Amino acid sequence: MLGSGGALEERDCRKGCHTDERATGYSNFGERMKYRTNNSASRERVSHMIYTTNFRRLGILTRTSIFSLGAVLALAQTGLAQPVSATATRTMPPVIVIGFVGGFIKHDNLVHSEVQLAARLRKAYPMGVDVETFESYRGEKARKKVLSLLDTNHDGTLSPEEKQNGRIIIYGHSWGGSEAIALARKLEKDGIPVLLTIQVDSVSKLRRNDAVIPANVAQAANFYQPNGLLHGQPKIRAADSTRTRIIGNFRFDYKASPYKCDEYPWYDRVFVKSHTQIECDPGVWKQAESLIRSNLPATPGRGDETH
């Protein structure tokens with residue numbers, strides 16, 4: 001029954017309830033007692049089912065936990081082993097061979113021996129060696145190419161390890177010989193070692209010193225001839241003899257030799273005959289090539305043969 005506030009009022013049946021209301025109450029009470037009695041067994045069965053279900057879930061959960069723990073341990077072992085594997089398979093840069101042509105010659109002019117040598121090396125070493133040629137005034141471009149090849153993780157910055165992994169060979173003729181030493185000196189400032197420099201009738205550029213080999217160079221060789229308007233540096237020396245070995249200063253003389261550089265321009269023959277002859281002398285470049293190949297990885301079936 002609702003009171004004035006809308007709440008259900010409890011009535012005292014001992015005073016104001018009618019007979020039928022009391023009967024209904026007793027009847028409902030009896031039914032509730034029967035329901036409680038009849039459901040005791042049901043509650044026991046439900047409790048047993050719940051216990052059994054929970055026990056089964058506990059078993060599944062235990063097995064899942066054991067499996068998960070095993071997976072975590074396996075991943076941990078894999079994670080510990082990964083750095084060793086990464087170290088073993090770390091990417092190494094190629095051996096880098098940089099050639100500089102002389103004067104204002106184009107870097108891809110196959111008339112010239114510097115470019116021919118590069119072509120032979122590319123053919124002999126299709127993998128593991130990167131051979132590039134540049135004009136004698138493209139030293140900075142060559143330096144950027146070297147830095148790019150050494151940056152094996154491509155993050156734009158060379159780590160100390162990437163620098164020390166450098167295996168670089170630089171050669172050049174005339175102004176190209178001078179530029180070879182200039183590039184080696186720049187790489188010294190970058191903290192990058194050089195395996196070998198080769199100068200062929202090296203002509204020093206203005207305010208350049210191509211006679212002193214920087215200390216980051218392991219070995220250096222110099223081929224020169226002493227005649228004509230243009231003639232090469234007669235002697236190179238090491239800035240630090242404990243770190244750089246001078247292979248030799250090799251002198252050639254073409255005064256009595258016939259001119260065989262027929263593919264070169266006429267003015268080379270007229271004005272810089274001997275300087276041109278050493279550039280097109282196959283004997284000079286055979287020696288230079290042999291020195292370069294001695295610092296390159298052996299190729300299957302080829303060894304260190306020159307062609």
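The largest pocket comes out at about 390 Å³, the volume being the space filled by probe spheres set on grid points joined across faces, edges and corners. A pocket here is an open set of points on a 1 Å grid over the protein atoms alone, where a 1.4 Å probe fits, with protein on both sides within 12 Å along at least five of seven lines; lining residues have an atom within 4 Å of a point. The model is a predicted one, with local features needing pLDDT of at least 70, side-chain atom pairs counting only at pLDDT 80 or more, and totals for chains, interfaces and linings using all residues. Numbering starts from 1 along each chain as its sequence is written, and side-chain values use heavy atoms, with hydrogens and water left out.

There are 19 residues in the lining, and Gly-102, Gly-103, Phe-104, Ile-105 and Asp-268 sit nearest the pocket centre. Helix 7 (266-271) and helix 8 (273-279) each put in at least two lining residues; helices (H or I, at least four residues) and strands (E, at least two) are DSSP runs numbered from the N terminus.

Then there is the sheet: open, six strands, order 2-1-3-4-6-8, with parallel pairing, where a pair takes at least two DSSP bridges. Strand 2 (129-134) and strand 8 (245-251) have just a single partner each, so one side of each is left without a neighbour in the sheet. Strand 6 (residues 217-224) pairs with strand 8 over six bridges, and Tyr-224 has Arg-251 of strand 8 as its bridge partner.
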